[in-house]
Amino acid sequence: GVPANSRYDAIGELKASPDGSKLAFTTYYNGYTAIFDFDNSTGTISNPISINIDGSGYGVSFSPNNELLYLGRMDTNTVGGLPDTSQLVQFDISSGDSAIIQNSMQVLYTCHNCGFASIKLAPIGKIIVSHYGYYSNFVGDPYLGLINYPDSTGIGAGYDHQGISLNNQA
């Protein structure tokens, strides 16, 4: 495994919820993932809740209604340093209870020989998911993924792995 103090854990994302009440982060090799309460008037961060993603993380985003968390996770059981399986997962964080949050994980999409990168809530109210393929020497895919209904749970979120065409400009 990668040491706990790996510089690769500088890779990942930190995001604020749309209403400014929560923060979430995930890191790459060690997969440290957590959510926190955030007081945006004082800057106080409190109530940490760790989430076990059983792998490494990269991108993270809240749903527009602040109740769901999306994350790209990768299998850390690698062959030749490359993850075999990557997944886009969703957690229901509305309860604020660590066990309920952990048990709410739903897999929205699984891909092989690919990885998920940055995840962004767009002004159109949908979530854009960047991904790439190992088969193409880490060149980006000619598509971005799109979570069409990000306030809905599970398959109701309507994830489309080829939701936005980049017209082969990846």
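Here are some friendly notes on the strands, the disulfide, the aromatic pairs and a few backbone angles of this predicted model.

1. **Ground rules.** The model is predicted, so to speak of a local feature requires pLDDT of at least 70 and side-chain atom pairs count only at pLDDT 80 or more, while totals for chains, interfaces and linings use all residues. Residues are numbered from 1 along each chain as its sequence is written, and side-chain values use heavy atoms, with hydrogens and water left out.

2. **The four-stranded sheet.** Strands here are DSSP runs of at least two residues (helices, H or I, need at least four), numbered from the N terminus. Two strands count as paired if DSSP finds at least two bridges between them. On that basis an open sheet of 4 strands runs in the order E5-E6-E7-E8, with antiparallel pairing. Its edge strands are E5 and E8 (106–112), each of which pairs on one side only. On average, neighbouring strands of this sheet are turned by 15° against each other, direction ignored; the axes behind that value are lines fitted to C-alpha atoms (for helices, over the stretch in contact), and angles between N-to-C directions run from 0 to 180 degrees.

3. **Strand E6.** How many residues of strand E6 are buried? The count is 7 of the 7 in residues 68–74, so E6 is largely enclosed by the rest of the structure. Buried means under 20% relative accessible area, exposed means over 50%, and partly exposed lies in between (1.4 Å probe, protein chains only). In a regular strand the side chains alternate between the two faces of the sheet. In E6, Leu 68, Tyr 70, Gly 72 and Met 74 point one way, Leu 69, Leu 71 and Arg 73 point the other way, and all are buried.

4. **Neighbours of E6.** On one flank, 5 bridges join E6 to strand E5 (residues 56–62), and the two run antiparallel. Ser 56 stands opposite Met 74, and Phe 62 stands opposite Leu 69. E5 and E6 form a hairpin with 5 residues between them, and Asn 66 in the turn has a positive phi of about 70°. Strand E7 (residues 85–92) is also antiparallel to E6 and is joined to it by 7 bridges; there, Leu 68 stands opposite Asp 92.

5. Strand E9 (residues 114–121) is mostly covered, with 6 of its 8 residues buried. It is joined by 6 bridges to strand E10 (residues 127–133), running antiparallel, and Leu 121 has Ile 127 as its bridge partner. The two strands form a hairpin with 5 residues between them, where Gly 125 in the turn has a positive phi of about 85°.

6. **The disulfide.** The structure holds 1 disulfide, counted when a pair of cysteine sulfur atoms lies within 2.5 Å. Cys 111 and Cys 114 form it, with their sulfur atoms 1.8 Å apart. The torsion about their S-S bond is about -105°, so the disulfide is left-handed. Both Cys 111 and Cys 114 are buried.

7. **Aromatic pairs.** There are 2 aromatic pairs. Rings of Phe, Tyr and Trp (its six-membered ring) pair if their centres lie within 6.5 Å; planes under 30 degrees apart count as stacked, over 60 as edge-to-face and the rest as tilted. The rings of Phe 25 and Phe 36 have centres 6.0 Å apart and planes at 15°, so this pair is stacked. Phe 25 lies in strand E2 (residues 22–27) and Phe 36 in strand E3 (residues 33–38), so the pair ties together parts 11 residues apart in sequence. For Tyr 109 and Tyr 159 the centres are 5.4 Å apart and the planes at 65°, so that pair is edge-to-face. Tyr 109 lies in E8 and Tyr 159 in strand E12 (residues 159–165), so parts 50 residues apart in sequence are tied together. Tyr 109 is partly exposed at 28% relative accessibility, whereas Tyr 159 is buried at 15%.

8. Most residues other than glycine have a negative phi. Which way does Asn 47 go, positive or negative phi? Its phi is positive, about 50°; Asn 47 lies in strand E4 (residues 45–50) and is partly exposed at 40%. Asp 54 also has a positive phi of about 50°. Asp 54 sits in the loop between E4 and E5 and counts as exposed at 59% relative accessibility.
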